[in-house]
Amino acid sequence: MDFDSGFSVITGETGAGKSILLGALSLILGQRADTQTLMDQEKKCVIEGTFDIANLDLKSIFDDENLDYENPLILRREIAVNGKSRAFVNDTPVNLNVLKTLGERLVDIHSQHETLTLNESNFRLNLVDALLENPVFLDAYRYTYREYKKNSEDLKHLTDADNKLKADQDYFQFLFTELEELHLTDGEQETMEQDLELMNHSEDIKRVLLQSSETLSGGEENVLSALQIADVNLKKIAKITPNLEDISNRVHSTIVELKDIDSEIHSMSDLVHFDREKQILWTERLDKIYRLQTKHHVKTIAELLEIQNDLSSKLLDISTNSEKIEKLQLLITGLTNDLTNKAENLSLARKKSAQYIEQQVGQTLSQLGMKDARLELQFLPTSDFTEHGKDFIKFMFSANLGSDLRELSKVASGGELSRLMLAIKSVINQQHILPTIIFDEIDTGVSGDIAGKVAKIMQDMSVSMQVIAITHLPQMAAKARTHYRVYKRLDNGQTISEIKSLNQDEHIHAIASMISNETVTDSAISAAKELID
């Protein structure tokens, strides 16, 4: 369905299905969903709404959410049979919070239960801030507050970390000194282990080398001497038997190779010697290294050096944290002074806004039959800075002449709260903050002349915004530019709720039926025409 501009009303009998409309609208504005939403539990439910956003300043939201800005804006919600839902902005999937953020700038659904928000601190602050003459005070405060908050959190984290480090400082220093005093070198462990192994078996190695050298070249009978005799004899007979020449050459090569081996054995034997002092030194150093590796649960010197570097960094942090903390404290002191000034400026601007609200709401309440009603916004300082400033606002109210102002929640009746909320919404409307507002049966308990005045206020609001009222009052329906009627019909045994835009004759007849209930009489028709006129 298409909603007309200006002031529209939706009427219909109780239970005709008017709530279906608000339920669907709430879903595309970001409210939670479940399978109870589905009329047919075996089919997916799709709700789609189209909004004209040409004159709304919404591009920044699209930029923040990385969405393509398009007009008209299409919001869509799909609820699957298992209760899971998906949300879309211009066919791009988004999370529910994005729908909610956009929805808050598109439609305000005002119900008879919404008067509870009058008692919410954030609502009162947002109301005053929406009507500031110069929003720069709020923007300036919030910018500085974000800086103050960030640096305060940084200071807390740094202080907590510094306290923990200082508590461990002596232990870290002990561990670091223990490692540093060893002057560890990567790779030395393997070299010492090899040297120590050689020294521990030096006697056995020396003995074997000497025996091997003795076998090869020592004494009268040795391998080399025997081979040299064989070599001479083979060379003699190789001249007679050429087939032996190859064998002779191989024997000669073997002699050369064995002489080279014997030479290397002598060299190695000279190198192998037992150094008692070095053995003790290496054993003690390796014991220290092994103990530290066990202590730190590592296996190599490279890992010990990494731990040493880490301990050095922690000790350095401890020495530099104090300087960082001092700088942050100075920065926060400056931000606190700046924030105090900006909070005071914001509070002064809010008090001017509050005076305007008090005046305008008072005038509107007077039109609604509460000529002696007074609303006063009382400002109290908060103990600390908040994202909203240092103001806490109370609504003080008196409905009757001579009555003292008292806190709104303690003195106002349900009907008075409804009219007060309507008055506040009409003041907000003057700032063209929202394009559409829907009043959901807020006329409960209102009748006669007051009902007509409530309708007149809505009619005035509709000059600059789209106003839709769900109502049971003929006085309100009579002032509508467009009249929609919700009704039920049976289709193959199933009840279907439908909505229809009424022409002028149907509009008159619908109002007459609201006046006369069951039977529409000629007098009711005449009364309906008078109301419309």
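## Starting with helix α1

A residue counts as buried here when its relative accessible area is under 20%. Keep that cut-off in mind while looking around this model, which is a predicted one. In helix α1, covering residues 18-28, the residues that pass the test are K18, L22, L25, L27 and I28. A helix makes a turn every 3.6 residues, so positions three or four apart point the same way.

## The six-stranded sheet

What does α1 pack against? Six strands line up in the order β6-β10-β11-β1-β12-β13, forming an open sheet with mixed pairing. The edges belong to β6 (107-111) and β13 (494-501); each has a single partner strand, so one side of each has no neighbour in the sheet. On average, neighbouring strands are turned by 20° against each other, ignoring direction.

Further in, β1 (residues 7-11) pairs with β11 in the parallel sense, over four bridges. As for α1, it touches β1, β6, β10 (436-440), β11, β12 and β13, and its direction makes about 140° with that of β6. Another helix, α16 (residues 504-516), lies across β1, β12 and β13 and runs at about 75° to β12.

## The largest nonpolar core

Nonpolar side chains tend to be buried together in soluble globular proteins. In this model, the largest nonpolar core takes in 34 residues, and F51, I53, F62, L73, L75, V89 and L106 have the most contacts inside it. At least two residues of this core come from each of α1, β2 (45-51), α2 (59-64), β3 (73-79), β4 (85-89), α3 (96-103), β11 (466-470) and β12 (482-491).

Which residues does L106 touch? Leaving aside residues up to four places away in sequence, L106 is in contact with F51, I53, L56, L58, L73, L75, L434, P435 and T436.

## Two hairpins in a row

Strands β3 and β4 run antiparallel and share five bridges. Across from R76 you'll find F88 of β4. This hairpin has five residues between its strands, and G83 has a positive phi near 95°.

Next, β4 pairs with β5 (residues 92-94), again antiparallel, over three bridges. F88 turns up here too, with P93 in β5 as its bridge partner. Two residues separate the strands of this second hairpin, and N90 lies in the turn.

Most peptide bonds are trans, and most residues other than glycine have a negative phi. A few places here go the other way. The bond from N71 to P72 is cis, with omega near 0°, and P72 belongs to the loop between α2 and β3. N66 is found in that loop as well, and its phi is positive, about 60°, although it is not a glycine.

N90, in the loop between β4 and β5, is another non-glycine residue with a positive phi, near 50°. Are N66 and N90 buried or exposed? N66 is exposed, with a relative accessible area of 72%, while N90 counts as buried at 13%.

## Helix α11 and its neighbours

Helix α11 spans residues 301-367, and its axis comes within 8 Å of the axis of α4 (residues 121-130), crossing at roughly 90°. The two helices are therefore roughly perpendicular to each other. On the α4 side of the contact are L125, L127, V128 and D129, which meet R350, S353 and I357 of α11. Sorted by class, that makes four nonpolar, one polar and two charged residues.

α11 also lies across β7 and β8, running at about 165° to β7. Those strands belong to an open, antiparallel sheet of three, in the order β7-β8-β9. Its edge strands are β7 (374-386) and β9 (406-407), each pairing on one side only. β8 (residues 389-398) meets β9 over two bridges, with F397 opposite R406.

## A buried serine

One last stop is S426, in helix α13 (residues 414-429). It is buried, with a relative accessible area of 8%. Not counting residues up to four places away in sequence, S426 touches T364, I457 and M461.

How values were computed: Residues numbered from 1 in each chain as written. Predicted model: local features only at pLDDT ≥ 70, side-chain atom pairs only at ≥ 80, totals over all residues. Heavy atoms only, no water. Buried < 20%, exposed > 50% of the residue type's maximum accessible area, 1.4 Å probe, protein only. Core = buried A, V, L, I, M, F, W, Y, C linked by side-chain atoms within 4.5 Å. Contact = heavy atoms within 4.5 Å. Pairing = 2+ DSSP bridges. Axes fitted to C-alpha atoms, helices over the stretch in contact; angles between N-to-C directions. Parallel < 35°, antiparallel > 145°, perpendicular 65-115°, else oblique. Nonpolar A, V, L, I, M, F, W, Y, C, P; charged D, E, K, R; others polar.
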